Amino acid sequence: MGNQRSPQLVLSLVFVFFYSTVVLAAPVTYNVVSLGAKADGKTDSTQAFLAAWTKACASVSPATIYVPAGRFYLRQLAFNGPCKNSAIIIRIDGTLVAPSDYNVLGNNWVAFSHVNGVTLSGGILDGQGSGLWACKASGKSCPNGATTLEFSNSNNIVVSGLTSLNSKMFHIVVNGCQNVKMQGVKVSADGNSPNTDGIHVQLSSGVTILNSKIRTGDDCISIGPGTTNLWIENVACGPGHGISIGSLGKDSNEAGVQNVTVKTATFTGTQNGVRIKSWGRPSNGFARNILFQHAVMVNVQNPIVIDQNYCPDNKGCPGQVSGVKISDVTYQDIHGSSATEVAVKFDCSSGNPCSRIRLENVKLTYQNQAAEASCIHAAGTSSGFVQPTSCL
Ligand SMILES: *[C@@H]1O[C@H](CO)[C@@H](O)[C@H](O)[C@H]1NC(C)=O
């Protein structure tokens with residue numbers, strides 16, 4: 001008998017156990033309006049949003065930050081971790097409005113760093129970029145501008161049903177992250193707005209971009225060095241510069257790009273369709289195991305393009321060749337119309353020719369006729385119906 005606990009003690013221990021796990025771990029919600037934010041589009045609500053973040057990040061149980069309908073004027077929001085819990089949801093019914101004055105923000109506006117387990121759901125982020133675009137177009141000296149939404153050095157991120165409007169610079173950046181899922185994202189900016197890439201991914205692994213619509217003035221999606229295991233599916237792009245791997249090889253020592261799938265994408269009136277681009281200068285970078293599958297091109301200037309001689313203003317690379325090695329790139333079921341005669345262009349590095357390029361079931365027309373293909377330092381195979389006739 002001596003060692004046995006009484007049934008009452010056992011019951012109360014069980015009760016305490018359930019009480020502490022169920023009640024103390026109950027999710028908490030912080031409404032930014034209760035913390036002082038004003039949905040009038042002009043009162044600076046930055047402090048209220050940061051206060052909500054501080055509470056959510058310090059919470060030991062799952063936390064939701066709720067942003068109701070209305071317009072919230074916000075300066076830089078630095079949402080920094082690490083946090084005490086790995087289940088923070090930011091649910092936005094309203095619009096976050098950036099300062100239109102492009103001298104107010106630094107390099108980013110809404111920026112998450114060192115967080116784990118953050119879901120951003122709904123909402124409109126209005127970057128108010130037109131003033132900066134006009135400044136850049138005028139040839140005056142202007143700041144680079146702020147990225148609208150950035151995740152850096154973070155893991156297990158979900159972005160769902162979010163709209164990014166008129167970003168000053170890139171709309172969404174994923175940098176140094178693992179396991180990021182974006183779905184139902186809308187990006188919208190003028191087709192002439194400079195440097196307004198839709199989604200930029202770099203130094204990240206396990207990023208998925210699904211069911212998204214991107215209309216902007218630069219790349220719809222740009223894929224930088226150190227991107228691996230990227231999955232892009234069901235994306236509509238245009239206006240914009242297409243889906244682009246690169247620019248790669250700007251630095252002599254650079255992480256490569258590996259295992260990228262772009263599946264079911266539509267390009268409408270874009271400058272490029274699917275592109276791989278590298279600087280014409282020495283680098284140990286690479287791009288390999290890339291699949292472009294089921295793409296529709298509607299009046300696209302360069303539907304399929306590899307350009308290894310990128311050297312803007314001929315600065316820092318004349319006379320040099322790209323060190324970036326491009327291999328195992330497959331184009332499968334790509335069809336539609338080209339806005340220029342050359343619809344397939346592989347302009348690879350003389351020092352590092354492209355290898356194992358595969359064209360399978362490609363049909364691209366120019367003015368209702370077969371388009372043309374051009375290959376320089378590119379080797380590979382073609383199978384199925386391929387038009388323009390392959391030059392590999
Ligand atoms: C390639 O990436 C996908 C995710 O996009 C992943 O499921 C797959 O396992 C990766 N393949 C390799 C060989 O790493």
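Buried area, as I use the term here, is the accessible area that two parts lose on being put together, summed over both. I worked from a predicted model.

**Domains.** I looked up the domain assignment of the protein chain, which gives domain 1 as 26–213 and domain 2 as 219–392. Between domain 1 and domain 2, about 1400 Å² is buried, and carbon and sulfur atoms give 45% of that area. I then listed the contacts: 18 residues on the domain 1 side meet 20 residues of domain 2. The C-alpha centres of the two domains are 30 Å apart.

**Ligand.** I next went to the ligand and found Asn-229, Leu-230, Trp-231 and Asn-259 around it. The protein covers 38% of the 360 Å² of accessible area that the ligand has on its own. Strand E18 (residues 228–237) supplies the largest share of this shell, 3 residues. Sorted by class, the shell holds 2 nonpolar and 2 polar residues, and no charged ones. For Asn-259 I noted a distance of 2.3 Å between an N or O atom of its side chain and an oxygen atom of the ligand.

**Backbone.** I checked the backbone last. Most peptide bonds are trans, and most residues other than glycine have a negative phi. I noted a cis peptide bond between Gly-246 and Ser-247, with omega about 15°; Ser-247 belongs to strand E19 (residues 243–248). I noted another cis bond from Gln-387 to Pro-388, where omega is near 5°. Pro-388 sits in the segment after strand E29 (378–387). Thr-264, in strand E20 (residues 257–268), is not a glycine, yet its phi is positive, about 55°.

Terms used
Residues are numbered from 1 along each chain as its sequence is written. This is a predicted model: local features need pLDDT of at least 70, side-chain atom pairs count only at pLDDT 80 or more; totals for chains, interfaces and linings use all residues. Side-chain values use heavy atoms; hydrogens and water are left out. A residue is near a molecule or strand if one of its heavy atoms lies within 4 Å of it. A polar contact is a pair of N or O atoms within 3.5 Å; within protein, one must be able to donate a hydrogen and the other to accept it, and residues adjacent in sequence count only if both atoms are side-chain atoms. Accessible areas come from the Shrake-Rupley method with a 1.4 Å probe; for residues, only the protein chains shown count as cover. Helices (H or I, at least four residues) and strands (E, at least two) are DSSP runs, numbered from the N terminus. Ala, Val, Leu, Ile, Met, Phe, Trp, Tyr, Cys and Pro count as nonpolar, Asp, Glu, Lys and Arg as charged, and the others, Gly among them, as polar. Domain bounds come from an automatic or database domain assignment. Contact means heavy atoms within 4.5 Å. Buried area is the accessible area (1.4 Å probe) that two parts lose on being put together, summed over both.
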